[in-house]
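Please look at the sequence and the structure together before reading on. The briefing below takes up a few topics in turn, and each point can be followed in the model.

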Amino acid sequence: IGYPGLNVKGGATRSGKTFLDYYLMPKRIRAVSGKDGLYVILGNTKSTLQRNIIEPLQNIWGVDLVSDIKADNTAIMFGEKVHCIGADKINQVNRLRGSSIKYCYGDEVAKWNEEVFEMVKSRLDKPYSCFDGSLNPENPTHWLKRFIDSDADIYLQEYTLFDNPYLPEDFVENLCKEYKGTVYYDRLVMGKWTRAEGLIFPTFTDANIYNDETRPVALYSTSIRMISCDYGTTNPCVFLDTYDDGDVIWVDNEYRWDSRSLEAKQTGQPQKTDSQYADDMAAFMGSDPELICSIIVDPSAASFITELKGRGYQVIGADNTVLDGIRIMNSMFARKKIMVHERCRGLIDELHSYVWDDKAVAHGEDKPVKENDHGCDNLRYRILQLPTWRRT
């Protein structure tokens, strides 16, 4: 059933690398049945494990052979108890310390903390212990890339998008167009470990900007309205007024207050309180009952959330996932699924100037420069509220 030890499939998204493992995993599990050690499946998070591994296995083998992940973070797979843990939860992973692992499957390995990977390796201490994993490449200075390039006992397979002969031609063509000119083309199409450099949103162009004349006539009456907020006191505070017509997100207006700006200093009260921001939100939203909508706010803005809820607003906690959010936004800009009104000058200027942090990238971390990014963060909060099928 394959090479013992560490086996890794890396490369492009949708290349079929994980699909092959859905047929390998039952053989791996049954091969060491009754032997000492734990069965473990590790992913970036518990929810991604359920989506990326458990549900596809259920579609192939059925729920009688593969159960959902239970409250105790285990699942029954092919007659065996398997520990299913998100690698983001160090305290959960720590429960494996001191235990031998006879079989481990790793999903999205490049997104793990290095400490988690090292711990898993140290637990594969039986002659029959085996690790299978899959990943999408990231920065070439990433700790996992250094391990792969070392003299480690590892069997590596690498794939490009074009290695999957079953993908529709139009899907491949569209994906190439979406990511062309971005770091994601090299990584997710060609399967290369590539450095993130320059502009973060090269797919945002003038074609993503609209005005009152080009705005859909029935946008306000037929779309779902939401306001997203990136809260700041010394940093800028930004509200974005968005409309979702079921296909495109239209960013129709923005509010921006920068306590360090000349305008703010001229008022004599540059820093606003939560109450003042809530007043501004009320004015921005409007008082007509038909205009009242949900507000998406970064959960770290606890005091402002309390103020808004105290006034009766429905508040949704934002998903602050950065890198996946950036990738999704690039794809949606390329497909013209995000449109920005020309009056949102602050957001437009940020999207045109948002860049990768060279210093962080040089140390193996994909990270944006944390300057003039509040509108970008805000829009990311809104986009990550969309269901998964709308993001791809």
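The model is a predicted one, which should be kept in mind throughout.

**Strand E1 and its partners**
- Strand E1, which covers residues 5–11, is largely enclosed by the rest of the structure, because 6 of its 7 residues are buried, that is, under 20% relative accessible area.
- E1 runs parallel to strand E6 (residues 130–135), to which 6 bridges join it, and it also pairs in the parallel sense with strand E7 (residues 154–159) over 6 bridges.
- Leu-6 stands opposite Phe-131 in E6, and Leu-6 also stands opposite Ile-154 in E7.

**Helix H12**
- Helix H12 (residues 322–334) has 13 residues and reaches 18 Å from its first C-alpha to its last, which is close to the 18 Å expected at 1.5 Å a residue.
- The buried residues of H12 include Ile-326, Met-329, Asn-330 and Phe-333, and among the elements that cover the buried residues of H12 are helix H6, helix H7 and strand E14.
- In an α-helix there are 3.6 residues a turn, so residues three or four places apart point the same way.
- Just after H12, Lys-336 takes a positive phi of about 60 degrees.

**The second largest pocket**
- The second largest pocket has a volume of about 420 Å³, and its lining consists of 25 residues, of which Asp-230, Lys-370, Asp-373, His-374 and Asp-377 lie nearest its centre.
- H13 and H15 are the elements that give two or more residues to this lining, and the largest share, 4 residues, comes from H15.
- By class, the lining of this pocket has 12 charged, 7 nonpolar and 6 polar residues.

Technical notes: Residues numbered from 1 in each chain as written. Predicted model: local features only at pLDDT ≥ 70, side-chain atom pairs only at ≥ 80, totals over all residues. Heavy atoms only, no water. Buried < 20%, exposed > 50% of the residue type's maximum accessible area, 1.4 Å probe, protein only. Pairing = 2+ DSSP bridges. Expected span 1.5 Å × (residues − 1). Contact = heavy atoms within 4.5 Å. 1 Å grid on protein atoms, 1.4 Å probe; cavity = no way out; pocket = protein on both sides within 12 Å on 5 of 7 lines; lining within 4 Å. Points joined across faces, edges and corners; volume = space filled by probe spheres on them. Nonpolar A, V, L, I, M, F, W, Y, C, P; charged D, E, K, R; others polar.
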